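These are my notebook entries on one model. I set down what I looked up, topic by topic.

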Amino acid sequence: MSREIDQLPVPAAIRQMKVIVASPSRSGTLGLYRAMQILGYNSYHLYECVAVHGVQHMKIFKEAITAQYYPSSGVKRITRADCDKWLADYDCLVEIPSYLGVDVIKAYANDPDVKFILTERSPEKWAKSVRNSVGKVVAMSGAFPFNILKYFDAFLWHFFDFNVLVYRAIGGENEELLYQYYTEYIEKVKTTLPADRLCLIRLEDGIDWETICPFLGVPVPQVAYPGRNEPEKFQAMVQEALQPKVTAAMMRMGAVVVPVLGILGWASKSYFWK
């Protein structure tokens with residue numbers, strides 16, 4: 001079965017991967033994504049996937065999720081070589097590996113030049129944060145007007161489809177499964193990654209430059225560490241990303257619906273005047 005990633009052109013060059021933030025989403029990962037950019041890394045995060053690369057990368061990510069969590073789908077699982085092709089321009093991955101499975105993380109762990117950061121937090125707080133962010137996006141997908149507009153814009157369709165796929169895969173509709181997913185994933189990563197190349201951070205203790213810069217061997221920047229992505233900030237980001245797509249979808253829908261209504265109106269008049 002041909003995959004979206006198989007259709008990507010072979011990159012002219014592939015950057016050496018330097019840092020993997022193996023934490024799942026809603027674990028201080030957006031702040032780390034921005035922090036790594038400040039430190040000079042070219043970082044790839046779900047924001048980059050959605051807001052920068054759009055439909056093509058969302059399709060690739062959806063296939064990766066399908067292969068990982070639904071093996072009966074017949075979609076081939078993504079490999080380190082696939083990641084090198086997909087993410088050739090990046091030398092830092094943030095939260096992405098948490099969706100791709102432990103095998104991909106092991107492949108990066110076998111590279112002695114890659115360092116790892118793992119943040120962990122209370123599973124209860126993590127589950128609540130997921131339900132207050134991704135869960136609300138999933139609810140939006142099935143509610144008016146998005147349940148109609150998504151059929152008029154490819155970005156909207158794949159954005160909502162991606163979030164629904166991820167949410168269901170990690171058990172978001174079942175609080176117990178969501179909790180189980182998180183605790184099992186964190187333990188697997190802790191036992192997989194080499195301790196001498198792992199910076200383990202408890203989110204409740206806070207993240208700052210003094211925590212990550214000595215580990216990475218880089219100087220502390222003269223700017224404040226990026227703030228955390230609270231649910232309100234997450235919702236604002238979603239609205240900012242979706243607004244132009246919603247406007248475009250409404251225009252396309254109008255271009256289809258208005259002529260149809262005109263035809264229906266003409267047909268009804270013709271019928272009643274018989």
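**Entry 1: helix 7**

How far does helix 7 (residues 123–141) reach from its first C-alpha to its last? I find 26 Å for its 19 residues, close to the 27 Å expected at 1.5 Å a residue. The expected span is 1.5 Å times one less than the number of residues. Helices here are DSSP runs (H or I, at least four residues) and strands are runs of E (at least two), numbered from the N terminus.

I note for all entries that this is a predicted model, in which local features need pLDDT of at least 70 and side-chain atom pairs count only at pLDDT 80 or more, while totals for chains, interfaces and linings use all residues. Residues are numbered from 1 along each chain as its sequence is written, and side-chain values use heavy atoms, with hydrogens and water left out.

I next looked for a bend, taken at a residue as the angle between axes fitted to the seven residues ending there and the seven starting there. Helix 7 has a kink of about 35°, centred on Gly 135. Gly 135 is also among the buried residues of this helix, together with Pro 123, Trp 126, Ala 127, Ser 129, Val 130, Ser 133, Val 134, Val 137, Val 138 and Ser 141. I use "buried" for under 20% relative accessible area, "exposed" for over 50% and "partly exposed" in between (1.4 Å probe, protein chains only).

Glu 173 sits in the loop between helix 9 (154–169) and helix 10, and I record it as exposed because its relative accessible area is 56%.

**Entry 2: enclosed space**

How many cavities of 30 Å³ or more does the structure hold? I count two. The search ran on a 1 Å grid over the protein atoms alone: a cavity is a set of points where a 1.4 Å probe fits but cannot get out, a pocket is an open set with protein on both sides within 12 Å along at least five of seven lines, and lining residues have an atom within 4 Å of a point. Points are joined across faces, edges and corners, and a volume is the space filled by probe spheres set on them.

The largest cavity holds about 80 Å³. Its lining consists of Pro 24, Ser 25, Arg 26, Tyr 99, Trp 126, Val 130, Val 134, Val 166, Ile 170 and Tyr 181. Helix 7 gives the largest share, three residues. By class I find eight nonpolar, one polar and one charged; Ala, Val, Leu, Ile, Met, Phe, Trp, Tyr, Cys and Pro count as nonpolar, Asp, Glu, Lys and Arg as charged, and the others, Gly among them, as polar.

The second largest cavity has about 50 Å³ of space. Its lining includes Arg 3, Glu 63, Lys 76 and Arg 77, and divides into five nonpolar, no polar and four charged residues.

**Entry 3: second largest pocket**

Two or more lining residues come from each of helix 3 (55–69), helix 5 (97–100) and helix 10 (175–192). Which of the elements gives the largest share of the lining? Helix 10 does, with four residues. Among the lining residues are Tyr 99, Ile 170 and Tyr 181, which also line the largest cavity.

**Entry 4: backbone**

I checked Arg 26 again: its phi is positive, about 65°, although it is not a glycine. Arg 26 lies in the loop between strand 1 (19–21) and helix 1 (29–38) and counts as buried because its relative accessibility is 9%. Glu 95, likewise not a glycine, has a positive phi near 65°. Its loop runs between strand 3 (92–94) and helix 5, and at 2% relative accessibility Glu 95 is buried.

A cis peptide bond joins Phe 144 and Pro 145, with omega about 5°. Pro 145 belongs to the loop between helix 7 and helix 8 (146–149).

**Entry 5: cysteines**

Cys 199 is buried at 8%, and Cys 213 is buried at 0% relative accessibility.
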